[in-house]
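I am opening a notebook page on a structure that is new to me. I will set down what I looked up, entry by entry.

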Number of protein chains: 2
Amino acid sequence: MSRSVTWSQTLTFFEDDWHDGNVPIMGVRTHATWLCTSVFDGARAFEGVTPDLDLHCARVNESAKVMSLKPLVSTETWMALAREGLKRFDRDAELYIRPMYWPEDAASGAVRPDPETTRWCLTLYVAPLPKPTGTAMTLSPFRRPTRESAPVDAKAGCLYPNNARAMIEARSRGFDNCLMCDIGWPIRPRRTALFSPASRARASSRSCARQAPR
Amino acid sequence: MSRSVTWSQTLTFFEDDWHDGNVPIMGVRTHATWLCTSVFDGARAFEGVTPDLDLHCARVNESAKVMSLKPLVSTETWMALAREGLKRFDRDAELYIRPMYWPEDAASGAVRPDPETTRWCLTLYVAPLPKPTGTAMTLSPFRRPTRESAPVDAKAGCLYPNNARAMIEARSRGFDNCLMCDIGWPIRPRRTALFSPASRARASSRSCARQAPR
């Protein structure tokens, strides 16, 4: 590791207690470590408020079910833990609030997670909100997976490497972020149509140029 | 966690030393923990041999590049470490040999891994080979992702949750394993054609019944 990593203030509830810093939560044999079966959600705290925290907590429980894990923590317990954790930060701190589930072990064989080994944690850490300075968007050559080829009905970590490479590719062309088309939608929207909510409808019109699938 | 997990004999080289058991390698802030950016490979040891170990070690380095990580370990070093580790097991032990890379932190923002924070380990553990008793295969309603919607050119952990749900679905119908069609290949192979190398060619013939996309 050629860059040493320093973490912003981090507080995590894991295995019945609060921990500071980058507390170890996964071992080399842990299922999620190598087979990427973790799910999470990402709420925010800023200016003393936590918008939709209840919805984020409810959603991570739905994501757990999609990943065949056991949603062991009620929304009320997630919320109570989050409130407890928030007290340890400055009132106006800008935080990321991330509840997580993952399996510790597989069912027979290696690939299927064993829901009876579901583990969880709640982590809160300082992560300043991006400044509203504008964002340069482009259209990615990568695509969003279909429902039948990835668990897109969960907020699953396994969906993010595809997003990561799309962002890397966009950055390589001088953009900050990108849009990805669905598979089977080989249409190139006009560049000027990329930024409005109506872009999708316009881009799918027959007047647009067709783009060969990559 | 309602089932306690006991691990088979496990030996891991991580951060310049050998460790026994499920040694912690990822913390709550580690990029791969929640954004699933780890890659691995899986070689085997049995009857005192390690077939294609060099190819597995070379491949994990290629997978690292696909995931925008730095392949810090030469094939020769992977091989030397594996040989060193193997000495700690019985000569005829049936082992899984897993080299891994993952990013510790993100580049700016959260989603893109920072290759300058690449970490790695080599783990070896007892994992008996399946008995050659036969396998009941079925066709999965799930699909293999396209190259543009997942990093299928890497042995990336993020590809496995889709496989896991396909296997869970197959098991729910009494099968041991399953085949997945590619996206855009809405053809149902004849059941009798599922097990031979020629099945793909036959299944794509126009004589097969069409299957509506799920």
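I began with chain A, where buried residues make up 52% of the 214 residues; buried here means under 20% relative accessible area, with exposed over 50% and partly exposed in between, for a 1.4 Å probe and protein chains only. I note that this is a predicted model, in which local features need pLDDT of at least 70 and side-chain atom pairs count only at pLDDT 80 or more, while totals for chains, interfaces and linings use all residues. Residues are numbered from 1 along each chain as its sequence is written, chains are lettered from A and ligands numbered from 1 in the order in which they are written, and side-chain values use heavy atoms, with hydrogens and water left out.

Next I looked up the elements of chain A, and found five helices and nine strands, taken as DSSP runs numbered from the N terminus (H or I of at least four residues for helices, E of at least two for strands). Their order from the N terminus is β-β-β-α-β-β-α-α-β-β-β-α-β-α. Of the chain A contacts (heavy atoms within 4.5 Å) with a separation of 6 or more, 67% join residues 24 or more positions apart.

I then turned to a pair of helices in chain A. The axes of helix 2 (residues 53–66) and helix 3 (residues 75–86) of chain A come within 9 Å and cross at roughly 130°; axes are lines fitted to C-alpha atoms, for helices over the stretch in contact, and angles run from 0 to 180 degrees between N-to-C directions. This makes helix 2 of chain A oblique to helix 3 of chain A, since angles under 35 degrees count as roughly parallel, over 145 as roughly antiparallel, 65 to 115 as roughly perpendicular and the rest as oblique. Helix 2 of chain A contributes A:Leu53, A:Asp54, A:Cys57, A:Ala58, A:Val60 and A:Asn61 to the contact, and helix 3 of chain A contributes A:Thr75, A:Trp78, A:Met79 and A:Ala82.

Which residues have the most contacts inside the largest nonpolar core? I found A:Ile25, A:Tyr101, A:Trp102, B:Ile25, B:Tyr101 and B:Trp102, in a core of 97 residues; such a core is a set of buried Ala, Val, Leu, Ile, Met, Phe, Trp, Tyr and Cys residues joined through side-chain atoms within 4.5 Å. Leaving aside neighbours within four places in sequence, B:Ile25 is in contact with A:Met26, A:Gly27, A:Val28 and A:Thr33, and also with B:Phe14, B:Trp102, B:Arg119 and B:Cys121.

Last, I checked chain B, where the axes of helix 2 (residues 53–66) and helix 3 (residues 75–86) come within 9 Å and cross at roughly 130°. These two helices of chain B are therefore oblique to each other.
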